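Trainee: Please take a close look at the strands in this model. How do they pair up?

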Amino acid sequence: MSHSITSSSVFKQPIVIGFISLVLTACGGGGGSTSTPTPTPTPADTTKPVISITGEQALTIGFGELYSEQGATATDNVDGSVSVSIAGSVNNNVNGDYELTYTASDAAGNTATATRVITVFTGNTSPESYAGYNLLWSDEFSGTALDNAKWGYDIGGDGWGNNELQYHRPENASVEGGFLIIEARKESFGGRSYTSSRINTKDKFSFKYGRVDIRAALPEGKGLWPALWMLGQNFSTVSWPYCGEIDIMEMIGGNGLENRTVGTAHWNNGGVYESNGTTKKPYAPVSYGGNYSLSGTETLANAFHIFGLTWTPNSITWYIDGVQYHTMAIDSGASLSAFQKDFFLIFNVAVGGDWPGSPDANTVFPQRMLVDYVRVFQQN
Ligand SMILES: [Ca+2]
Ligand SMILES: [Ca+2]
């Protein structure tokens, strides 16, 4: 898949294709002959060369993805093969359409041109501040390793309650070039055929109410299941679903679903405890979700997007790139009481599982989720 952000393409510098001068070889007469027969008039060449662009005439590349120019050839009715010059440039770190112009001329001075358009998706950004809010906590992932003061790891390969196929290891999470990188690999470890990573802020950072912005570019392909989400800080004592879960973003890859983000809240219907305050309510998980699909050829995998959440005592609302696509009312009544307590963050890339199904023959590994930053704001 040419649009994937893979291990080899993340940190490429913008490439610039400079103007290549066209050098024409003059087709001069031989000269030097003594007896000159009457010249046969040659019809003037008024036909320009035909340019053939190698590869696609219009294509898209993702953030940081190397653009590889395949060139063009030109054939002229009189001169045969003639050279082609290329003008223009592609900056793979800036959104936009880039036009390359190909020019070929014959000896008679007839000039042909053709163009190729390369669309670069680098994605969206979000404001660094919001009126009425303070920055409570953030990670810009600007160091060279995961900040252990902010994050810990979930480790293991027990399927995580969803029959997931990967073994989560610290080795698959890294910080490079300003990004958190979680890489899903096809490799055997701990009895599993895939490895990946899952990090969380449990017991290091939790919060109640606020605004979360996460800038991320996602992996792609059938069986990939990246998630940016939260659990109630009381998860260890009351367990799921009693603790509550807020999924800021989930995507399941394959079948063109890389354009869809899903936001969901999960809780236990009826709440956590009976009126005596100690006996658990019956296990009755319920959820309420919404989703949003990008239009066009831009996906969650070939560009960065902002996955946002606002959470107040009255509601939880989900956004992509500042566009609201889902909201739910919450209150302090028993059933939704989980959402009036602290939550902590979890970022992971799962492989397989009940929802996405298994990778197929078209799934390319390794796959990466890049997180540029996570910022948590709270109202003043
Ligand atoms: Ca010609
Ligand atoms: Ca960053």
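Mentor: Start with the term. Strands count as paired if DSSP finds at least two bridges between them. Keep in mind that the model is predicted.

Take strand 7 now, residues 111-121. Strand 6 covers residues 96-105. Ten bridges join strand 6 to strand 7, and the two run antiparallel. Look at Leu100: Arg116 of strand 7 stands opposite. Strand 6 and strand 7 form a hairpin. Five residues lie between them. Gly109 sits in that turn, and its phi is positive, about 90°.

Strand 7 also pairs with strand 2, residues 58-62. Here the direction is parallel, with five bridges. Find Thr60 and follow it across: its bridge partner in strand 7 is Thr119.

Three strands build it, in the order 1-3-4, and the pairing is antiparallel. Strand 1 (50-53) and strand 4 (80-82) are the edges. Each has a single partner strand, so one side of each lacks a neighbour in the sheet. Neighbouring strands in this sheet are turned against each other by 30° on average, direction ignored.

Now zoom in on one pair there. Strand 3 spans residues 72-76. Four bridges tie strand 1 to strand 3, and they run antiparallel.

To recap, strand 7 is joined antiparallel to strand 6 and parallel to strand 2. The open sheet runs 1-3-4 with antiparallel pairing.

Conventions. Residues numbered from 1 in each chain as written. Chains lettered and ligands numbered in written order. Predicted model: local features only at pLDDT ≥ 70, side-chain atom pairs only at ≥ 80, totals over all residues. Axes fitted to C-alpha atoms, helices over the stretch in contact; angles between N-to-C directions.
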